[in-house]
Amino acid sequence: LLTSFSIIVLLAVAVTISALLQHQTISTSVSLSFLTVITSLFLMPFVIPSLEGPFKPGNSFLHPCQEQLISGGASGELETTDTFPEPLLEAASSDLESSSLTLSEMVRTVDCWLLLFSSVVIVGAGVMVTTNLGQMCESRGAGSAATAVSLFSASQALGRLFTGLISEVAMRRRVSRPLFLAVASAIMALGHMLLLVPELFALYGGVMLCGYAFGMVWPILVVVCSELFGSLHMGSNYMLYDGGGNALGALMLAKFLPQTIYQAH
C-alpha cells in the first residue's frame, strides 16, 4: 500500500513537470486529487498500526523479554525464568555499555569526523539549493520558485521514505550501510551538475535529485550513528550530526559560499 501511494506521488510530480514544461496549468480537480493522495500518505503511519492490531487487547507486539521487563518494572519486581535468566540481563547490559561510546570518546575516532564531513557536505548542499531557489528560477526564466520548492519537498520526502527500506534490503546482501552516504553524495553531485545546464527541465531535474539526496541523509545518519557508536548515548552523539552538521553546512555552503560568489559577480 505504501509503495502504491509513493508511485502515485511520483506520477503527480511527473505530471506537474510535464505541464510546466508545456506552459500549461493544472486543473483544480487534479490538484485536489494529488492533495488527497498525499494527505492519505501522511496519515498512513497513524492508521496502519491500528489495522495490524498490535495495540488490541491480548495481542502485544512486544517480545516476551520486553513484556517481562515492563511488567516487572511496573510492579517493582522482575521475575527470572528459564527463558529470561538474570545472567542474560547482566550480560546484555554489560555488552550494551561496553559497545557504546560517549560523545567525548566518539570525537576521538576517525569514523566520527568522516561521518560529520559527509553530513555537512550533503546537508549544506541541500540547504544551499532551498535558500537560493528564488534566484535560480529567476535566472532560468521559471518565474515563481513555488513549484521548484514543492518538487524539492516531495523528493526529499521520498528519499526519507525509501532509504531505510532499501538499506535494510542491501544489508541482507552484505552491503555496508554507510555506503548509502556515498550514494547520497553522488546523487547530490549529479543534481548540482544538472543545475548548471541552462534549461528549465534541468532545473527541475536537478532540484528533484538534490531533494532526494537531502532526504536520504537523515534516516541513514540516525542508524549509522547507532551502529557505529552504540545506542546507549545516542541522544548526545546524534545531535553532533543533526545540530552540528546542519549548522556548519548551512553556514559554509548555504550562506558564505553563495554570498561570496554573488559579490564576485
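Reader: At roughly what angle do the axes of H10 and H11 cross?

Author: In this predicted model, local features need pLDDT of at least 70 and side-chain atom pairs count only at pLDDT 80 or more, while totals for chains, interfaces and linings use all residues. Residues are numbered from 1 along each chain as its sequence is written, and side-chain values use heavy atoms, with hydrogens and water left out. Helices (H or I, at least four residues) and strands (E, at least two) are DSSP runs numbered from the N terminus, and axes are lines fitted to C-alpha atoms, for helices over the stretch in contact, with angles from 0 to 180 degrees between N-to-C directions. The axes of H10 and H11 come within 10 Å, and they cross at roughly 140°.

Reader: Are H10 and H11 oblique or parallel to each other?

Author: Angles under 35 degrees count as roughly parallel, over 145 as roughly antiparallel, 65 to 115 as roughly perpendicular, and the rest as oblique. With a crossing at roughly 140°, H10 and H11 are therefore oblique to each other.

Reader: Does H10 pass H11 in a left-handed or a right-handed crossing?

Author: A crossing is left-handed if the near helix is turned anticlockwise from the far one by less than a right angle, and right-handed if clockwise. For H10 passing H11, the crossing is right-handed.

Reader: How many charged residues are there in the contact of H10 with H11?

Author: Contact means heavy atoms within 4.5 Å, and the residues that make this one include Trp 218 and Phe 229 of H10 together with Tyr 241 and Asp 242 of H11. Ala, Val, Leu, Ile, Met, Phe, Trp, Tyr, Cys and Pro count as nonpolar, Asp, Glu, Lys and Arg as charged, and the others, Gly among them, as polar. The residues of the contact of H10 with H11 divide into 8 nonpolar and 3 polar, and the number that are charged is 1.

Reader: How far apart are the axes of H6 and H11?

Author: Helix H6 covers residues 110-131 and helix H11 covers residues 234-264. They pack at an angle of about 50°, and H6 and H11 are therefore oblique to each other. The crossing of H6 and H11 is right-handed, and their axes are apart by 7 Å.

Reader: How many nonpolar residues are there in the contact of H6 with H11?

Author: Among the residues that meet here are Leu 115, Val 120 and Met 128 in H6, and Leu 240, Tyr 241 and Leu 253 in H11. The residues of this contact of H6 with H11 include 6 polar and no charged, and the number that are nonpolar is 17.

Reader: Which residues is Val 129 in contact with, leaving aside its neighbours within four places in sequence?

Author: Val 129 is one of the residues with the most contacts inside the largest nonpolar core. Leaving aside its neighbours within four places in sequence, Val 129 is in contact with Met 136, Phe 152, His 192, Leu 195, Val 207 and Cys 210.

Reader: Is Leu 209 exposed or partly exposed?

Author: Leu 209 lies in helix H10 and, apart from neighbours within four places in sequence, is in contact with Ile 187, Leu 190, Gly 191 and Leu 194. At 25% relative accessibility, Leu 209 counts as partly exposed.

Terms used
A nonpolar core is a set of buried Ala, Val, Leu, Ile, Met, Phe, Trp, Tyr and Cys residues joined through side-chain atoms within 4.5 Å. Buried means under 20% relative accessible area, exposed over 50%, partly exposed in between (1.4 Å probe, protein chains only).
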